[in-house]
Amino acid sequence: MHSMFKRTAAALAASVAFAAPVAAELTGELRIFLDTSNPAPRATMEAMIERFAAEHPGLEIETTVIDREAYKTQIRNFLTADTPDVATWYAANRMKPYVEAGLFEDVSDLWAEPEIADNLASTKGAMTIDGKQWGVPYTYYQWGVYYRKDIFDELGLSEPTTWEEELANCQKIVESGRACYTIGTKFLWTAGGWFDYLNMRTNGYDFHNQLANGEISWEDDRVKQTFANWKQLIDMGAFIDNHQTYSWQEALPFMVNGEAAAYLMGNFAVAPLREAGLTDDQLDFYQFVAINPDVELAEDAPTDTFHIPANASNKEAAREFLRFVVSADEQTEINNGANLGQLPVNAQSSVDDDKFLQQGFTMLSSNSPGGVAQFWDRDAPAEMAKVSMEGFQEFMVKPDNVDRILAKLERARERIYEN
Amino acid sequence: MTIAADAPEQESWFHRNQQRIAPWLFLAPGLLFFMVYVIIPVFQSFNLSLYEWDGLGAAEYVGARNYEDLYWEWVDRDAFYISLKNNLIWLILYLAAIPAGLFIALFLNQTVWGIRLYKSLFFFPFVISQVVVGLVFTWFYDPTFGLLNELLGLFGLGPLNVLGDERFVTYGIIFAGLWPQTAYCMILYLTGLNAVDPEQIEAGRLDGAKGARMLWHIILPQLRPATFIAFVVTIIGALRSFDLISIMTQGGPFGSSRVLAYYMFEVALSEYGFRMGYGAAIAVILFLIMLCFIAYFLWSMYREERGH
């Protein structure tokens, strides 16, 4: 699972003999831990690190790639002992335990530099805790409804923008013998995405944030309204059956086979859908519809990040690496379609020509006035996220239990946020 | 020089006590490791269960708060209650592996051509990893293309989503667990059957014992040691049931297939966990339950020893 590759300065010096010398000569060892274990992101990261190494021949860089799921538990060990100089993680509340335990380095100084302050302003909020910044983002991606355009055309449907249109569309899809949405809730978080959207559209971004921070009761009527909207879809048979048994990948074939018309998912779902044989003529994207016309649209756009552990030994080189990662050129390069296929965080970068990335970028930059959320399990504290997503899953299977579920979440809220 | 000459007459302390010390010396490495890896961690867990600790920051002493929370979860019919209830179901139903193993062993305890192959085929599920068993059964139960629903369909029944329905999920997982566990019990009984005294069977036969009576009065008493071991490993196996749950359902749907061991992992070590103190409190409860059985096993072994 672990793999290492070393790039010694000597090996690289030959290949970059003509590169311009860099002003500040960095020396020593730079150890980088990555959770980008899937083949494509891994290759992207390794190529990026090679480019960084080429600029700093005096630096001995050691990269360790750890399986994405295993990383989530291993990070607790390696932040305290045998610490790397740079490590990947996630923004917002997800980094809070490590910030509070003093394990992440305060990098506010980087954010004060004009290069970063001017170009990365949009993600600054997600990296800020207690008024300080604790890392830099390197990629983010939009969420939204990916749908089968050919099925919509066959049924004479167009992209909905309001809740009424959404329900009318869904009714027609159900009548044609399909499910409106595929979803696999075995690992719970997919249901969190649905809750994010329904609640942000029903009650707005600020309310959603307050709920994630434990400031609002789960038995509040506004929360109940969110669930009532959700129940409308469930009762009409909008979701595939037995979704509690599937992972998000296992739910993909329903859409590929045309048994379901759409999928509320992050942009990472596009690659497997294409690989499964759907062409860009069959596959399209629309922004989740407005429900309450009085609240501004807000979106989920999870951000992946780089951090410097507080116990790192080569912080100077680590800072230089962070500057390099967020630079406009690198951002364009690593987020393009051939690499991560996601959105660059630097405003000076260009977005890939891919139609989903273009639509996502437009949506996030001009049609998300309410704000940008990370994702339910990154915005809410881990414990609350776990309990609530279990509740969402139960609700999607047994919508009539809603009062019991909300009472349970309320009890959990009282316990979790008290300290 | 003179002092040295006196020395051999006086036996050294070690020499005098050699008989008493030697066993302890031989036991020392084992005792040391048992202390370090078993006894001390037990007390550490007890201690940790009185704290609230996320594994990173400072631990905060909260007294019996964690146990209080567990109590309220019990009262509210919440996760802890479900885990405990499922543990009980596991304990009871998992014991079915013992009679099942016995009957397969009796069935295979004959000399026909190729019996070794049949025996190894029956033993096969115990050899393969639990993870594989879990995956195979997950596919077997799959609601859309699983074999189970195909079979039920033949009789006009179903479809049944075993792993997605909170009423069936625990039974579905236990059934998967019984597959390798039965094989384990079978092998225990097969070795036991080798040691059955043929003279006693002969004597029984002369007295007219047959079939069930022969099994109950002549064979089973001689299989007592095998039954005892099968009982021990099955009870322990039921209480440690973790891997199958983790592979097949992750405790779902909505937490209805959790058992204490899995709940402890979820609370303390999983992606959304890190309530170390709370996890330790669950571990202590699990330990106390196991202690009842361990005490019983030790006691019956002690009785056995004295009997001889």
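**Ground rules**

I number residues from 1 along each chain as its sequence is written, with chains lettered from A and ligands numbered from 1 in the order in which they are written. Since this is a predicted model, local features need pLDDT of at least 70 and side-chain atom pairs count only at pLDDT 80 or more, while totals for chains, interfaces and linings use all residues.

**Chain A, overall**

I looked up the secondary structure and got 20 helices and 14 strands in chain A; helices (H or I, at least four residues) and strands (E, at least two) are DSSP runs, numbered from the N terminus. The radius of gyration of chain A is 22 Å, close to the 22 Å of the globule rule for 419 residues, so chain A is as compact as a globular protein of that length. That radius is taken over C-alpha atoms, and the globule rule is 2.2 Å times the number of residues to the power 0.38. Along the principal axes, the C-alpha atoms of chain A fill a box of roughly 65 × 50 × 40 Å.

Burial next: 49% of the 419 residues in chain A are buried. My cut-offs are 20 or more other C-beta atoms within 10 Å of a residue's own for buried, 12 or fewer for exposed, and partly exposed in between, with C-beta atoms placed from the backbone. I also checked contacts (C-beta atoms, placed from the backbone, within 7 Å). Of the contacts in chain A with a separation of 6 or more, 78% are between residues 24 or more positions apart.

**Domains of chain A**

The bounds come from an automatic or database domain assignment. For chain A I have domain 1 (3-140 + 303-349) and domain 2 (143-300 + 362-416). Their C-alpha centres lie 32 Å apart. Between them, 9 residues of domain 1 of chain A are in contact with 7 residues of domain 2 of chain A. The domain 1 side of that contact has 4 nonpolar, 4 polar and 1 charged residues. In this scheme Ala, Val, Leu, Ile, Met, Phe, Trp, Tyr, Cys and Pro are nonpolar, Asp, Glu, Lys and Arg are charged, and the others, Gly among them, are polar.

I traced the pairing here; two strands pair if DSSP finds at least two bridges between them. E2(A) (residues 28-34) has 5 of its 7 residues buried, so this strand is largely enclosed by the rest of the structure. It runs parallel to strand E3 (residues 59-65) of chain A, with 7 bridges joining the two, and Ile32(A) stands opposite Thr63(A) in E3(A). E2(A) also pairs with E4(A), parallel, over 2 bridges, where Phe33(A) has Ala87(A) as its bridge partner.

E4(A) (residues 86-90) has 5 of its 5 residues buried. Both faces are covered, with Val86(A), Thr88(A) and Tyr90(A) on one side and Ala87(A) and Trp89(A) on the other. I then followed E4(A) to strand E13 (residues 303-307) of chain A, an antiparallel pairing over 4 bridges, in which Trp89(A) stands opposite Thr305(A).

**Val372(A)**

Val372(A) sits in strand E14 (residues 371-373) of chain A and is buried, with 20 other C-beta atoms within 10 Å. Not counting residues up to four places away in sequence, Val372(A) touches Ala298(A), Glu299(A), Ala301(A) and Leu364(A).

**Positive phi**

Most residues other than glycine have a negative phi. Asp130(A) is not a glycine, yet has a positive phi of about 55 degrees. I found Asp130(A) in the loop between strand E5 (128-129) and strand E6 (132-133) of chain A, exposed, with 9 other C-beta atoms within 10 Å. Gln250(B) also has a positive phi of about 55 degrees. This one is in the loop between helix H14 (243-248) and helix H15 (260-268) of chain B, and is partly exposed with 18 other C-beta atoms within 10 Å.

Chain B is divided into domain 1 (13-45) and domain 2 (76-307), with C-alpha centres 35 Å apart. In H13(B), the buried residues are Ala226(B), Ala230(B), Thr234(B), Ile235(B), Ala238(B) and Leu239(B). Their cover includes helix H5 (79-94) and helix H16 (276-307) of chain B.

Last, the contact between the chains takes 20 residues from chain A and 16 residues from chain B. On the chain A side, H19(A) gives the largest share, 8 residues. That side divides into 7 nonpolar, 5 polar and 8 charged residues.

Definitions and conventions. Two residues are in contact if their C-beta atoms, placed from the backbone, lie within 7 Å.
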